Amino acid sequence: MSNDANPGNSVHSRDGADAERASRSPFRATLGALLRDRLALTGIIIVTLLVLAALFAPLIAPQNPYDLAQLDIMDNRLPPGSESMSGLYYLIGTDDQGRDLFSAILYGLRTSIIVGISSAAIALVIGASLGLLSAYAGGKTDAILMRIVDIQLSFPAILIALIFLAILGQGVDKIILALVITQWAYYARTIRGSALVERRRSYVDAARSMALPDRSILFRHILPNCLPPLIVVATMRVAYAIMLEATLSFLGIGLPVTEPSLGLLISNGFEYLLSGDYWISFFPGLALLLLIVGINLIGDALRDILNPRREG
Amino acid sequence: MTSPVLSVSNLNTSFLVDGKWMDVVRDVSFDIGAKETVAVVGESGSGKSVTALSIMRLLSENNARLKGEINFGGQNLLDISQQDMQKVRGNRIGMIFQEPMTSLNPVLKIGKQITEVLVRHRGMTQATARAEAIRLLDKVRIPAARSRLDEYPLSFSGGMRQRVVIAIALACSPQLLIADEPTTALDVTIQAQILELIKVLQEEEGMSVLFITHDMGVVAEISDRTVVMYRGEAVETGTTQEIFQHAKHPYTRALLSAVPKLGSMAGTVQPKRFPIVDMKTGEAASVADTADTVEHDKTPILEVKNLVTRFDIKSGFFGRVSGRVHAVENVSFDLREGETLSLVGESGCGKSTTGRSIMRLTEAKSGSITVGGKDVRHAGKSSLLDIRKHMQMIFQDPFESLNPRMRVGEAIAEPIVTHGLAARGEVRKRVADLLTRVGLSPSMADRFPHEFSGGQRQRVCIARALALEPRFIVADESVSALDVSVKAQVINLMLDLQERFKLAYLFISHDMAVVERISHRVAVMYLGEIVEIGSRASVFENPQHPYTKKLMEAVPVPDPARRQIRRISNDEIRSPVRAPDFVAPVRKYDEVSAGHFVQVQ
């Protein structure tokens, strides 16, 4: 009775439930849970391998697919396992330009991942800031921002991206911009929802009554507590951005031919599919599929782990 | 005593937590005789609710394991199948839960929810079930039962909903009623009604009652025999009289000594600390009297004059004002250095809004608030900052009032750093100092809030409030969510701090017994107005306003010898929502004795 006995044996008390996670930061707890989840671990391994492959593409790839001097048009559309005149082994064949597909995929992954992550990151920063502002300011600011979000969300993302790319033209920077424009609204909507809930909790009142500046209440108190749903959305959105970029490139309005991404590779092989040269589309498609599935596995597991209603 | 209705012997319940079986209830045995009320009392985590759920077999079989014997009507409830158990539940054992707001289905009419049980369990036709439902609602004293059958739960208040839940529990005339904290979520006057109702119904129906509660006052009020639980074990069992007068187990004694008794402060002037009982020996250590801290001669540090706070209720697309919550109406008081003024009242009386208006967490509509000679209501950003250093607030829920993602050291350091109250290098020392001051160890600064118990978190909140060296603290229900023993310690801490730093408290609470213990002066609020204000002695020993009297009568007294017979009233707490054109009446106050004002009706 001399101290506040921690009712450790109680399942009802939140103290008991949290005892297992003692003295670890929420970040490390999440990471730990993620590594224990078998599906998430699979996702992490897939994504890590693909990212590493993309990162070290110049070292791994047998050929630089952008260096026209290294290409031999005579090698075009060789099936997987062929060998070139110069002795280069084409593990998964070549495309219609005589490019080693394996190298092209590695370089294509690079573009896809850069576009996906940077567009998601920029959209996250813009969307999260506007969403936070909207929730904290309330009133007219909130109404105007959220109506813009509504309008934005009522158009299909691909349509907006098509319009912007038609105006802006092609290029990596242009497609990132188009993806940011189509995606920020999701982040804004998500964070506004959780910020509205957090704003009413009494730790925010406590911060206000200590006369902390608004900036610090927003970024040190409210934002960190809104992160869990945001992280989940961001993970899923990276996958979505990569897919959208692939779609746009497939349609021929995303990236220029000089910087082929996975979408462009798929599109290149598309016309040969029916003539039996399946590999030109199939292997880039497989790489894209693995990347998306890997990211989604992580996202799914994160959603379960970060769900406040999760048991235990 | 004839053979018991329910006999629990050597009940063991364990839960699967992260792959390990943890004992939550250990070796608990007790009997409930015919027409007897047995209370199981304990603090959070003592296993009292789990005991009730075990008896009802309502725990998931995947992660809960039950051992022992629960004899009810000649069979061991732990042996029979879930199908057979289904027949026992609801039919022969009724159950009432804590939260009346969620234990009724919001989209089904009240009548439907009662007749459903009657049709299914008692095989009645719709027509007879309806007639029986009316009889049941009459029985739980719901006025105009017939007309209320077709209403939805949302048009019932918390107390009325709890009556409906009781009516459903009674539908099959159970032999045993299990009530799990049925009055905890209710206001004190409503709690008194429900307790009285359960007592009367028990007489009328001749049933036995198992009453789970944390409140010793409620135990004294209702039960014949009492089982005291502590950390999963039944540490003491006996008649309620025995337990209250000759408790043997040290824990029971500690628990009882921490329970504030309304009326026990008669004849004293100063607030009083709670005695601390040694958990091993059960001996109470004597506590020092509190010194007189009130500065009567200086000007008050807080002056509130004619404070009015209203909220518009807007409806429709254009936000037309369709009603107004008169949360605070014409409230005036002052607070001196070293003084504790309590605002008491039931939910919706405006006590919290008053506190929030003073802190400017809510904007008042009119009136003046002066802190240390400075106007709070019209203060600009920079001067408000200055004023806020003088006043701090501690909130009700210690689980909510600390940012879960910030180490407590950071949380305490934040106001110090932001307002430049200490040099960079000194901050850690200041934090350590504050933690020691509230009875925590400085090494705890690196922990996250979830690693603390409720009482410890409240201490952290106090430490953080003290960081700015305020002159007064608004404590909004700050001890209400805590267990009795922890509550007593936090109150002792607050009194210590008051003595050391001449802190003043605006203590907002619904708990009359705690208020009596801690305050110098008391203001009773009802529907946004102060109906009575005066020194603690004058308000508690000579209450004048009928509402004050009613409030005091309703408080359950933790002394079975002083159990009182009440009549069951149906008075509800009125709502402070009014039409937009409502004009608040001008109130006059009578001065009954020096400084004791009562609203003239």
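**Asp205(A)**

I started with Asp205(A), which sits in helix H9 (residues 202-209) of chain A; helices (H or I, at least four residues) and strands (E, at least two) are DSSP runs, numbered from the N terminus. The model is predicted, so local features need pLDDT of at least 70 and side-chain atom pairs count only at pLDDT 80 or more, while totals for chains, interfaces and linings use all residues. Residues are numbered from 1 along each chain as its sequence is written, chains are lettered from A and ligands numbered from 1 in the order in which they are written, and side-chain values use heavy atoms, with hydrogens and water left out.

Is Asp205(A) buried or exposed? I found it buried, at a relative accessible area of 7% (buried is under 20%, exposed over 50%, partly exposed in between, with a 1.4 Å probe and protein chains only). Which residues does Asp205(A) touch, leaving aside neighbours within four places in sequence? Its contacts (heavy atoms within 4.5 Å) are Arg356(B), Leu361(B) and Phe395(B).

**Aromatic rings**

Next I looked up ring pairs in Phe, Tyr and Trp (its six-membered ring): centres lie within 6.5 Å, and planes under 30 degrees apart are stacked, over 60 edge-to-face, the rest tilted. The count is 7 aromatic pairs over all chains. Tyr278(A) and Phe282(A) have ring centres 6.1 Å apart and planes at 65 degrees, so I noted them as edge-to-face. Tyr278(A) is partly exposed at 39% relative accessible area, and Phe282(A) is partly exposed at 42%.

**Charges over rings**

Here I needed NZ of Lys or CZ of Arg within 6 Å of the ring centre and within 35 degrees of the ring normal. Arg447(B) lies over the face of Phe452(B), 5.8 Å from the ring centre. Arg578(B) has its charged end over the ring of Phe582(B), 4.3 Å from the centre.

**A sheet in chain B**

I then traced an open, mixed sheet of 8 strands in chain B, ordered E18-E19-E20-E15-E21-E22-E25-E24 (two strands pair if DSSP finds at least two bridges between them). Strands E18 (391-394) and E24 (589-593) of chain B are at the edges with a single partner strand each, so one side of each has no neighbour in the sheet. Neighbouring strands are turned by 20 degrees against each other on average, direction ignored (axes are lines fitted to C-alpha atoms, for helices over the stretch in contact, and angles run from 0 to 180 degrees between N-to-C directions).

Inside the sheet, E15 (residues 340-344) and E21 (residues 521-526) of chain B run parallel, joined by 4 bridges. Ser342(B) has Val522(B) as its bridge partner in E21(B).
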